[in-house]
Amino acid sequence: MPLSHKRGWPMRQLIAASSVILLVACAEKPTAADAQPLPVTPAAPAVTASAPNVDVPDIKPAQTFSEWQAGFREQALNAGINPLVFDNAFIGVTPDMGVIKADRSQPEFSRPVWEYLDGALSPLRVRNGQRLLTQNAELLDRIEQRYGVDRQVLVSVWGMESNFGTFQGNKSVIRSLATLAYEGRRPEFAQSQLLAALKIIQEGDIAPGKMLGSWAGAMGQTQFIPTTYETHAVDFDGDGRRDIWNSSADALASTAHYLQSSGWKQGQPWGFEVKLPGDFDYALADGAVRKSVSEWQQLGVTLPAGSTAPAGAEQLTATLLVPAGYRGPAFLVLDNFRAILRYNNSSSYALAVALLSERFNGGGTIVGEWPKDDLPLSRSERVELQTLLSQRNYDAGNADGIIGANTRKAIRSAQQALGWPADGYPNHKLLESLRNR
């Protein structure tokens with residue numbers, strides 16, 4: 001039975017909102033499994049390929065760490081943290097420069113989606129997942145019955161986040177979050193996570209020295225942040241603790257609880273690959289454009305040769321995903337894909353989880369070919385593209401190298417002006433065109 005907690009609903013709602021914010025903020029971040037290679041075949045490569053800057057950042061906080069800690073201690077005690085719990089958790093805690101470097105790094109190069117998928121869908125990861133599905137069949141039966149989330153996607157998330165629990169991160173969550181709260185770039189957010197981490201310790205679920213995770217504070221076999229843990233972690237093995245570090249039952253059930261609350265529909269597909277007609281309007285390949293599958297079919301969207309649509313898919317609502325632009329494969333993605341995006345707001349990650357879940361049963365192959373001659377723009381090239389777009393009166397927003405909704409809209413406008421497929425995909429061809437105008 002899930003462990004119940006006596007908390008007020010306003011606090012639950014605040015924590016839930018913070019969880020969603022972090023999931024969005026962590027888009028395209030590596031998972032814990034990405035941090036180390038698998039024993040034989042490399043694990044899923046991080047979305048970003050270059051190493052962070054190894055120089056220690058030149059930070060000049062307005063106060064010493066001791067002064068910050070004293071102020072935060074008062075805040076924590078006012079929030080209900082026991083003084084002994086706080087003092088025990090902070091024994092020997094000092095700022096971690098490695099956390100600051102990781103937080104401030106802005107990698108120059110990105111891995112192409114096809115390389116990311118090659119690592120995520122490695123044969124070793126597929127075999128391990130198949131083995132664990134068999135070994136944990138009885139547990140997964142009970143989780144499916146309780147939360148209505150298909151076992152394949154749970155094991156897929158497990159594999160993607162920590163290589164099935166083997167790479168969970170080895171940093172002190174308290175130290176990492178204290179560093180982020182003190183360093184000052186996002187202090188309010190880090191402090192909210194740190195307070196939640198202290199509550200977890202106070203509730204007896206984990207000891208401070210065993211609360212390990214990533215540099216950003218994600219924890220356990222499926223990498224929950226503290227506020228997500230507080231709202232969705234469950235004690236499924238019945239030992240009185242919500243232990244997502246050492247109990248696969250707790251970790252998988254907690255993940256199922258989160259996906260259930262994100263709208264997962266048991267037995268429904270995540271989506272499927274499609275083919276688009278030559279005259280297709282690629283401006284429709286936008287996450288904000290949602291149509292029934294039958295409506296997409298009326299626009300000329302078909303299935304690859306030899307493929308069949310999932311039963312009953314015609315009436316489901318789908319968006320069109322072209323992760324590598326009009327030259328690459330296309331997918332109609334449904335509500336369950338959006339539920340995975342709630343877990344990690346990266347289309348590459350969600351596609352990897354979805355395809356891996358199908359690989360366990362012999363599916364998950366892609367028919368379309370990736371445009372492997374068109375490597376992604378580097379970060380500096382993305383900044384230049386945004387700058388040039390805005391200079392040409394296509395408002396791309398802040399030139400920060402992040403290709404968000406404003407930049408994609410600007411790219412589509414520029415592509416339409418050039419008479420190109422308006423897929424909103426940033427590439428070297430568009431950059432060169434804008435450079436030469």
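Helix 16 passes helix 18 in a left-handed crossing, meaning the near helix is turned anticlockwise from the far one by less than a right angle. This is a predicted model, where local features need pLDDT of at least 70 and side-chain atom pairs count only at pLDDT 80 or more, while totals for chains, interfaces and linings use all residues. Residues are numbered from 1 along each chain as its sequence is written, and side-chain values use heavy atoms, with hydrogens and water left out.

Back to the pair: the axes of helix 16 (379–391) and helix 18 (428–436) come within 10 Å and cross at roughly 45°. That makes helix 16 oblique to helix 18 (oblique is whatever is left after under 35 degrees for roughly parallel, over 145 for roughly antiparallel and 65 to 115 for roughly perpendicular). Who makes the contact, heavy atoms within 4.5 Å? From helix 16 we have Glu 381, Glu 384, Leu 385, Leu 388 and Leu 389, and from helix 18 His 428, Leu 430, Leu 431, Leu 434 and Arg 435.

Now helix 8, residues 151–162, which spans 17 Å from its first C-alpha to its last, close to the expected 16 Å at 1.5 Å a residue (that's 1.5 Å times one less than the number of residues). Of its 12 residues, 11 are buried, so helix 8 is largely enclosed by the rest of the structure; buried is under 20% relative accessible area with a 1.4 Å probe, protein chains only. Those buried residues pack against several helices, including helix 5 and helix 12. Just after helix 8, Asn 163 has a positive phi of about 50°.

Methods. Helices (H or I, at least four residues) and strands (E, at least two) are DSSP runs, numbered from the N terminus. Buried means under 20% relative accessible area, exposed over 50%, partly exposed in between (1.4 Å probe, protein chains only). Contact means heavy atoms within 4.5 Å. Axes are lines fitted to C-alpha atoms, for helices over the stretch in contact, and angles run from 0 to 180 degrees between N-to-C directions.
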